[in-house]
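Please look over the sequence and the structure before reading on.

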Amino acid sequence: MTLSIFDLFKIGVGPSSSHTVGPMVAANRFLEELAERRHLPTVCGIRAHLYGSLAMTGLGHATDTAVIVGLLGETPEDVDARQIPDYLAEIERSGTLPLAGCHPVPFRASEHLRFHHGDNLPKHPNGLRLEALDEAGLILYSNVYYSVGGGFVLSCAEADASGRGVATAPVAVTYPFHDARSLLQQADDHGLTIADLVLANEAAFRSEEATREGLARLWQTMDECIRLGCKATGNLPGGLNIPRRANQLYRELRRQPERGLSDQLTVMDWINLYAMAVNEQNAAGARVVTAPTNGAAGVIPAVLAYYDRFVPGSNAEGINTFLATAAAIGMLYKHNASISAAEVGCQGEIGVACSMAAAALCAVLGGDNQQIENAAEIGMEHNLGLTCDPIAGLVQVPCIERNTMGAVKAINAARLALRGTGEHHVSLDAVIRTMHQTGLDMQAKYKETATGGLAVNTVAC
């Protein structure tokens with residue numbers, strides 16, 4: 001397995017890693033391919049086609065906006081989300097889109113960006129086709145991309161070649177593993193914690209200093225997202241007029257700090273706050289860390305903030321251990337199952353985030369490798385079958401509250417594992433296989449299409 005910590009954790013914008021970050025990445029790749037073939041100066045038109053879940057819930061997930069902004073040359077990590085409305089307004093006013101920020105072509109979203117409702121491309125439910133046209137209106141170059149969850153993007157050829165992997169060439173790491181069993185064996189053979197093993201493998205990608213700087217930036221971005229989410233007020237965009245709740249909860253907790261003395265469960269209110277703050281920011285299209293997806297972006301920051309603020313002795317090394325351990329577990333799901341709700345339902349997003357956070361918290365609270373694996377297993381076992389049925393296709397209901405539940409469940413899973421010896425009946429590998437099988441068996445209406453569950457049993461207005 002040749003995944004990095006920074007494959008699982010990416011800095012991007014909301015509301016969705018698969019429907020917003022991934023399509024923006026795909027558009028960036030399309031521009032690069034045009035440039036490599038020296039086609040960019042001769043492009044006279046552009047068309048984008050969205051299929052499967054990208055079509056069904058694309059408007060609610062801002063997929064159309066992501067494609068357009070990506071074609072401008074903006075990246076998920078660097079785009080200033082505050083400027084996006086201005087970009088769109090100028091394209092609408094002028095009727096042109098400056099490809100890569102410099103080559104204008106005629107563009108009207110209603111004409112050149114098409115939602116193919118009910119149609120699917122063969123490799124994954126999240127498919128898009130991008131086409132560059134010549135002056136005669138003929139296709140100069142086109143490619144198909146699949147947004148396979150967590151901001152990962154594969155071309156059609158890469159999907160054939162790499163299966164569940166990523167589009168990069170294999171990297172020789174010091175301690176290779178492909179499942180939880182081999183991960184534990186490698187750690188046991190070399191006397192390493194799971195975090196130490198993963199951090200050692202990062203040396204194949206970059207220097208130790210760069211890895212530590214990257215981890216610090218991840219936590220800084222998560223923490224800033226929590227703080228901004230606690231301050232923000234008003235209703236979330238998209239038409240449901242869902243009011244932000246984090247600010248009110250934050251002010252109540254700050255106003256009555258003594259409640260923690262009489263009610264020991266007040267700490268749960270803080271955990272709920274952290275998760276809610278992040279996912280309200282995500283729903284508003286702000287900057288978040290994909291962890292491992294945007295729809296589940298609040299779980300890991302909430303549990304990490306709990307460690308940082310409430311666990312005595314928490315420190316920077318602990319934060320690194322937390323993120324490295326979480327990444328190790330996320331790699332197992334990415335390699336052996338899926339982190340795409342469009343493929344396996346929300347168990348692949350909230351369930352995976354809960355499993356990652358449970359393992360990570362167990363590690364920083366002193367759990368051994370067997371207990372860490374047990375915590376990860378508990379975190380997923382009790383999310384099996386979780387559907388993805390967003391009302392109006394928006395990452396708001398039930399997504400925001402679902403992050404609070406995932407965070408609290410992760411903490412409980414870690415505590416259960418720490419109270420045990422590490423021995424347990426169901427292995428993490430078995431629960432990952434079960435999650436994948438359950439997702440494949442799940443009806444499409446429960447997999448991010450907004451055609452089943454709460455999405456059709458609740459009035460979206």
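## Basis

The structure is a predicted model.

## Packing of H14 and H17

Two packed helices are described by the angle between their axes and the distance between the axes. For helix H14 (residues 299-310) and helix H17 (residues 350-364), the angle is about 20 degrees and the axes lie 8 Å apart. Angles under 35 degrees count as roughly parallel, so H14 is roughly parallel to H17. The crossing of these two helices is right-handed.

On the H14 side, the contact is made by Val299, Ile300, Val303, Tyr306 and Tyr307. Their partners in H17 are Ile350, Ala353, Cys354, Met356, Ala357, Leu361 and Val364. By residue class, the contact of H14 with H17 has 12 nonpolar residues, no polar ones and no charged ones.

## Alanine 410

Helix H19 (residues 399-418) contains alanine 410. The relative accessible area of alanine 410 is 0%, so this residue is buried.

Leaving aside residues up to four places away in sequence, alanine 410 touches Val303, Cys354, Ala357 and Ala358. Alanine 410 and leucine 361 are 49 residues apart along the chain, and their C-alpha atoms are separated by 8.1 Å.

## Helix H4

Helix H4 (residues 63-71) is largely enclosed by the rest of the structure, because nine of its nine residues are buried. Among these buried residues are Thr63, Asp64 and Thr65, as well as Gly70 and Leu71.

Just after H4 comes glycine 73, with a positive phi of about 100 degrees.

Technical notes. Residues are numbered from 1 along each chain as its sequence is written. This is a predicted model: local features need pLDDT of at least 70, side-chain atom pairs count only at pLDDT 80 or more; totals for chains, interfaces and linings use all residues. Side-chain values use heavy atoms; hydrogens and water are left out. Axes are lines fitted to C-alpha atoms, for helices over the stretch in contact, and angles run from 0 to 180 degrees between N-to-C directions. Helices (H or I, at least four residues) and strands (E, at least two) are DSSP runs, numbered from the N terminus. Angles under 35 degrees count as roughly parallel, over 145 as roughly antiparallel, 65 to 115 as roughly perpendicular and the rest as oblique. A crossing is left-handed if the near helix is turned anticlockwise from the far one by less than a right angle, and right-handed if clockwise. Contact means heavy atoms within 4.5 Å. Ala, Val, Leu, Ile, Met, Phe, Trp, Tyr, Cys and Pro count as nonpolar, Asp, Glu, Lys and Arg as charged, and the others, Gly among them, as polar. Buried means under 20% relative accessible area, exposed over 50%, partly exposed in between (1.4 Å probe, protein chains only).
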